[in-house]
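The following note sets out points for a colleague who has the sequence and the structure at hand. It moves from the whole chain to individual residues.

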Amino acid sequence: MEVLKFRARTFDNYLEIIPEEGFEDNCVYEIRLKDIKSTKGNILENTTLKLCTEFSPMYVDILAVKTLISRIDIEDETIMYNIREASKFADYVSPDIIDKNNVPYKVTQLVRYKAAYECLLNYIISISSTNKLSGTVGDVVFSESESSKDLTDLLKTLADLIDEWTDAVKGYELEGRAKMKAGVKSSTYIDYNFQKGTPVPAFENPHFGLNRGV
């Protein structure tokens, strides 16, 4: 965390804090107030405030991700960070420039699932394996006694959705791609001998030359 220089002044019941170098986008500023007294001698309780500047790109809002990871206590700035990183990923895989004022549905789905995945993954890593967890991710519900395998399955569900929508953003939509068929080398390819009516290796069959089967 970088400590910034600032100027402060008071007027009436207001305290104004101004960073000397101004504010930057994609940042979270933390303001700590302590030992603040009023003119009447009242002491303000020590307080910490957080201010988030504009994060960009942001192809979904926080609510879109929070609905997937409800009841899990994750700070807003962490969600915003993961949304921004997921949005950058969408920019990277998309063959087209994404218009932030008209974000395609397939992009919003990729970003929300990828951001939720990263939030959940880091949340699981940050807690002890002895802790009990509960919450929901979309239509998937996990209980307090969830095992590590169940959590792995939960992450896999999100990962599968990420792969699905990544393909969609790339231009494959939801049709998927045909899997490559197995190739057969000519030296072991079994062909059919029309004269004898028996299968023989291709290199022994006078009717066929070397070829690559697909």
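Accessible areas in this note come from the Shrake-Rupley method with a 1.4 Å probe, and for residues only the protein chains shown count as cover.

1. Overall surface. The model is predicted. Its chain has an accessible surface of about 15,600 Å², and carbon and sulfur atoms account for 51% of that area. The chain comprises 214 residues, of which 29% count as buried.

2. Order of elements. The chain contains 4 helices and 10 strands. Read from the N terminus, the elements follow the order β-β-β-β-β-β-α-α-α-β-β-α-β-β. Where contacts join residues at least 6 apart in sequence, 54% of them link residues at least 24 apart.

3. In soluble globular proteins, nonpolar side chains tend to be buried together. In the present model, the largest nonpolar core holds 34 residues, and Val65, Ile83 and Val111 have the most contacts inside it. Helix H1 (62–66), helix H2 (76–93), helix H3 (105–126) and helix H4 (148–172) are the elements that each give two or more residues to this core. The largest share, 10 residues, comes from H3.

4. Surroundings of Val111. Which residues does Val111 touch, not counting those up to four places away in sequence? They are Tyr59, Val60, Ile83, Ala86, Ser87 and Ala90.

5. Thr166 in helix H4. Thr166 is found in helix H4. Is Thr166 buried or exposed? Thr166 counts as buried because its relative accessible area is 8%, and the limit for buried is under 20%. The side chain of Thr166 reaches the backbone oxygen of Ile162 at a distance of 2.6 Å. When neighbours within four places in sequence are left aside, Thr166 is in contact with Phe89, Val93 and Leu110.

6. Val28 in strand E3. Val28 belongs to strand E3, which covers residues 28–33. With a relative accessibility of 38%, Val28 counts as partly exposed. Beyond its neighbours within four places in sequence, Val28 is in contact with Lys50, Leu51, Cys52, Phe55 and Glu77.

7. Nonpolar surface patch. Leu15, Ile36 and Leu44 form a nonpolar patch on the surface, and together they have about 230 Å² of accessible area. Ile36 is placed in strand E4 (residues 36–37). Ile36 counts as partly exposed because its relative accessibility is 31%, whereas a residue needs over 50% to be called exposed.

8. Salt bridge between Glu30 and Arg32. A search of the whole structure finds 6 salt bridges. One of them, between Glu30 and Arg32, has its closest N and O atoms 2.6 Å apart.

9. Glu85 and Lys88 both lie in helix H2, 3 residues apart, which is about one turn of the helix. Through shared partners, the salt bridges join Arg84, Glu85 and Lys88 into one network.

10. Arg84 counts as buried at 11%. Glu85 is partly exposed, with a relative accessible area of 28%. Lys88, at 39%, likewise counts as partly exposed.

Conventions
Residues are numbered from 1 along each chain as its sequence is written. This is a predicted model: local features need pLDDT of at least 70, side-chain atom pairs count only at pLDDT 80 or more; totals for chains, interfaces and linings use all residues. Side-chain values use heavy atoms; hydrogens and water are left out. Buried means under 20% relative accessible area, exposed over 50%, partly exposed in between (1.4 Å probe, protein chains only). Contact means heavy atoms within 4.5 Å. A nonpolar core is a set of buried Ala, Val, Leu, Ile, Met, Phe, Trp, Tyr and Cys residues joined through side-chain atoms within 4.5 Å. Patches are made of residues with over 30% relative accessible area and no salt bridge: like charges are joined within 9 Å, nonpolar side chains (Val, Leu, Ile, Met, Phe, Trp, Tyr) within 5 Å. A salt bridge is a side-chain nitrogen of Lys or Arg within 4 Å of a carboxyl oxygen of Asp or Glu. A polar contact is a pair of N or O atoms within 3.5 Å; within protein, one must be able to donate a hydrogen and the other to accept it, and residues adjacent in sequence count only if both atoms are side-chain atoms.
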